[in-house]
Amino acid sequence: NVAMNPESGVAGAGDCANTAKNNTQLLSRVSARKVKVASKQRLFGNFVAGISGGLVSSFITHPLDVVLTRMQAQDGRSHVQRYKSTVNALFTIVKNEGFRNLYAGIIPALVGSTASWGIYFLGYNYLRSLTRIHFHGPQLESSDNQAELSPLSTLSCAVATGCFSTVITQPIWLIKTRLQLQHQGSHIQYTGMIHCFTDIVESEGVSALFRGILPSLLLVSHVAIHFVVYEDLKLRLQLLNGGKEHLTPEQ
């Protein structure tokens, strides 16, 4: 018979406890790394999706944006030609100025859309991630079934990101509008985005690049409401889809 030493038994139990503690700490560190990697991958995906969506949608709808800008600027007193309707504007621009002018200001439009939506999707989802971590902890944020935020939290994230994106891209939208409004009879003929930018800064000052910033900031409410409704409908569709996070393109 082998006698059991009580002290060795206690030491063995202590070693097991230390080993379990170390394993728990190791798993915690590994889990934290996975959370960071998954979060960065998700944010990068949102950024790429925002840029791609902004680029494609801006290119397809740009002729309508040109018509919208022209029709908003016509007041019967300026040099801007008057159009009877959207269709009339499209045909008149092509007839008198050429098809190319339907894409006047396309470069700043593409730059503005890609930058705006890239910043917006990246910032919006980053703020949502921080908000979820603040209220629910990093473990739930890293899981597949992420905690949903309240409409007020979603609205706050959307407004904050929208204001930041608007301030950053406002000069680009102003340049795009100037290029869209010019035609053969315009007093100043801009040769492109860079020429327009330098001419405005030299003749009107840097502050001119931010004209209309207040109504632009007020229009952030449109995007903010859009995302609140979007997140709510997305959640409802996920529930109808059996709780799956990813929806089909049709949904």
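Among contacts between residues at least 6 apart in sequence, 67% join residues at least 24 apart in this protein. Keep in mind that what you're looking at is a predicted model.

**The whole protein**

- Going along the sequence, you read α-α-α-α-α-α-α-α.
- Of the 251 residues in the protein, 31% are buried.

**The aromatic rings**

- Searching the whole structure turns up 9 aromatic pairs.
- One of them is Tyr120 with Phe227, a tilted pair with 5.1 Å from centre to centre and 35° between the planes.
- Tyr120 sits in helix α3 (residues 106–136) and Phe227 in helix α8 (residues 220–240), so this pair ties together parts that are 107 residues apart in sequence.
- Phe227 is buried, at a relative accessible area of 3%.
- Phe227 also pairs with Tyr124: the ring centres are 4.6 Å apart and the planes are at 55°, so this pair is tilted.
- Tyr124 belongs to helix α3 and Phe227 to helix α8, so here the parts tied together are 103 residues apart in sequence.
- Tyr120 counts as buried at 3% relative accessibility, and Tyr124 is buried too, with a relative accessible area of 1%.

**Gln170 in helix α5**

- Gln170 is part of helix α5, which covers residues 151–181.
- With a relative accessible area of 5%, Gln170 is buried, because buried means under 20%.
- The side chain of Gln170 makes a polar contact of 3.1 Å with the side chain of Ser216.
- Leaving aside neighbours within four places in sequence, Gln170 is in contact with Leu209, Phe210, Arg211, Gly212, Ile213 and Ser216. Ser216 therefore turns up both in this list and as the polar partner of Gln170.

**Thr92 in helix α2**

- Thr92 is found in helix α2, which runs over residues 86–97.
- Thr92 is buried as well, with a relative accessible area of 13%.
- Once neighbours within four places in sequence are set aside, Thr92 is in contact with Gln81, Tyr83 and Glu97.

Technical notes. Residues numbered from 1 in each chain as written. Predicted model: local features only at pLDDT ≥ 70, side-chain atom pairs only at ≥ 80, totals over all residues. Heavy atoms only, no water. Helix = DSSP H or I, 4+ residues; strand = E, 2+ residues; numbered from the N terminus. Buried < 20%, exposed > 50% of the residue type's maximum accessible area, 1.4 Å probe, protein only. Polar contact = N/O pair within 3.5 Å; in protein donor to acceptor, adjacent residues only side chain to side chain. Contact = heavy atoms within 4.5 Å. Phe/Tyr/Trp six-rings, centres within 6.5 Å; stacked < 30°, edge-to-face > 60°.
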